[in-house]
Amino acid sequence: MKRTMMSLIGVAAALGAVTGVAAVTAPGGGAQEAPRSSSRLPVQRSALLCPAPTSSEVGRTDYTAFAPKGAAAGADGKKGTAALLPAGTVKDAGGGSDNGKGKGKKSSGKGGKGAGGGADSAAGQAVAPRDTKPVVPLQEAGKPVTTSTDSPDAPALVGAADGTLAPGWTVQQTTSVAAGSGRGLMGLSCTSPDTTFWFPGVSTATDRQDYVHLTNPDPTPAVVDLQLRGKDGALGGSAGEDITVPPHATVPVLLSTLTSAPTTNASLQVVAREGRIGAAVQATDGKLGSDWLPAAADPSPSVVLPGIPKDATSVRLVALAPGESDADLKVQLATPTGLITPAGLESLHLKSGMTTAVDLKDVTKGEAGSLVLTPSDGGSKVPVAAALRVTRGKGAKQEMAFIPATRPVEQRATAADNRDKGSTLSLVAPEKGKDAKVKVTASAGSGGGTPVTKTYMVKGGTGLDVAPPTPQGLKGTYALTVEPAAGSGPVYAARMLSRPQGGVPAFTVQTLPDDRGTVLVPTAGQDLSVLTK
């Protein structure tokens, strides 16, 4: 299996410029400088994938779709379409996941309830979904569309948006499980397909069940390799190699089947060697409930993890230097009053290819914050990937959530499925002297209401937690759109949903990376090579 991360940034930049499908971010996370003879235009098509939400008989999942206003109709006058369709699920003849290999090596238990609930198929084949109707189809930009399901057989979803609905198209999947080991609130912004994903913070310990959901949006099979890394390096042998994900289908893989060594803190790399996929990890803890662990931002020398709640009772940092060099990092917490260094953690050393975990305990001390990791020597280019596991509550009333490192908001980012109460917006400008002016728009509600806009100033080197604006006359749910002003310093964002359940402070956090809703398009006669330099 290939173990080195290959950068496709240059190729993607050229393709994006020609097709208008995706915008590109430079490896360091900052916006790519526009060539002088190019213009920034809205993307014309985008794709999203939502994993199967839960197999619980006492779970309820809400889907909310939204596209910001702003893109003009095409020359043909069409406004565009956006919808998700149910996907198939791979399972063995006994109803469990066979990791997509058709070997039935070890049943995942969960795969049999994956998508559609149809008759069992032959091992390694996809069971077609029972219902093929579109889910949360959007008709217009600026107004969310919602739907709900309480089926334990709810399928994974794949879909695309085009025209005026493609730029910034967002779908939020929020699941509430009332009881059992997976009880709590699970939230996920449905992901775009890609070829490489990093998941620091996974576990194969006996008190955790972590499934990585691999979903193929395309009409041809995808071939995927999984590699786990613990504190001493690679875990397991070839069990995670050559996993086939059939067209328009999903494969749930129980990570503990990939290694014989239970590991509390590990990192997972997902690489699609053929095709492309969406990937997300569903983590269930016997004491701390469950939530989705989204992929972290591409490894970078500096990373930001926004949105640690002020009442966090435990915070664990899991980080990895996936390249060939060790990394030495400065660890800081961005608070409303400035950057501080957590006691006893002035620096963090990451060994190449090995996962490091640090318990930060109640690092926020009653004051919300965001973690900022930067090279200790200032000039290091060693990339790192990182994520946080955050816990709220005490004793038997604890709940966990995950915060991966994220990209900055360069042009715009959106978080859907906000209610009249329970949302907290976190904004952080991590660089001293580089203040950020941020416009936050609360959309119309799914059932009615008038949009409201508010502007926030975030001083460089600080973070800000606020109750976001709500639409006037809100009915239903609404979306939050975050847009930095021109000339602002780098800004990162996250949104926390809090919905207590019987004394448990159930919550979930979604980071708000830039939606990449625009792309640089060269003018006639421009040399495309300038976009790959």
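Reader: What does Arg-273 count as, at 34% relative accessibility?
Author: Arg-273 counts as partly exposed. Buried means under 20% relative accessible area, exposed means over 50%, and partly exposed is in between, using a 1.4 Å probe and protein chains only.

Reader: What kind of model is this?
Author: This is a predicted model, where local features need pLDDT of at least 70, side-chain atom pairs count only at pLDDT 80 or more, and totals for chains, interfaces and linings use all residues. Residues are numbered from 1 along each chain as its sequence is written, and side-chain values use heavy atoms, with hydrogens and water left out.

Reader: Back to Arg-273. Which residue does Arg-273 form a salt bridge with?
Author: Asp-225, with the closest N and O atoms 2.5 Å apart. A salt bridge here is a side-chain nitrogen of Lys or Arg within 4 Å of a carboxyl oxygen of Asp or Glu. The two residues are 48 apart in the chain, with Asp-225 in strand E14 (residues 222–230) and Arg-273 in strand E18 (residues 266–274). Strands are DSSP runs of E with at least two residues, helices are runs of H or I with at least four, and both are numbered from the N terminus.

Reader: Is Asp-225 buried or exposed?
Author: Buried, at 3% relative accessibility.

Reader: How many salt bridges does the whole structure have?
Author: A search of the whole structure finds 16. Another one of them joins Asp-515 to Arg-412, with the closest N and O atoms 2.7 Å apart.

Reader: Where do Asp-515 and Arg-412 lie?
Author: Both are in loops: Asp-515 between strand E39 (507–511) and strand E40 (518–522), Arg-412 between strand E29 (399–404) and E30. The pair therefore ties together parts that are 103 residues apart in sequence. Arg-412 is buried at 14% relative accessible area, while Asp-515 is partly exposed at 22%.

Reader: Which residues are linked in a network of salt bridges?
Author: Arg-60, Asp-62, Asp-417, Arg-419 and Arg-499. Within that set, Asp-62 and Arg-60 form a salt bridge with their closest N and O atoms 3.4 Å apart. Asp-62 is buried at 14% relative accessibility, and Arg-60 is partly exposed at 46%.

Reader: New topic, sheets. What is the order of the strands in the open sheet that has E30?
Author: The order is E30-E37-E32-E34, four strands with antiparallel pairing. Two strands pair if DSSP finds at least two bridges between them.

Reader: Why is one side of E30 and of E34 left without a neighbour in the sheet?
Author: Because strand E30 (413–418) and strand E34 (452–458) stand at the edges, each with a single partner strand. From one strand to the next, the twist averages 20°. The angles come from axes, which are lines fitted to C-alpha atoms (for helices over the stretch in contact), and run from 0 to 180 degrees between N-to-C directions.

Reader: How many bridges join E32 to E34?
Author: Seven, with E32 covering residues 436–442 and the two strands antiparallel. Ala-442, for example, has Val-452 in E34 as its bridge partner.

Reader: What about the phi of His-248?
Author: His-248 has a positive phi of about 50° although it is not a glycine. His-248 is in the loop between strand E16 (243–245) and strand E17 (249–254). Lys-361 also is not a glycine and has a positive phi, about 55°, but sits in strand E26 (residues 355–361). Lys-361 is exposed, at 58% relative accessible area.
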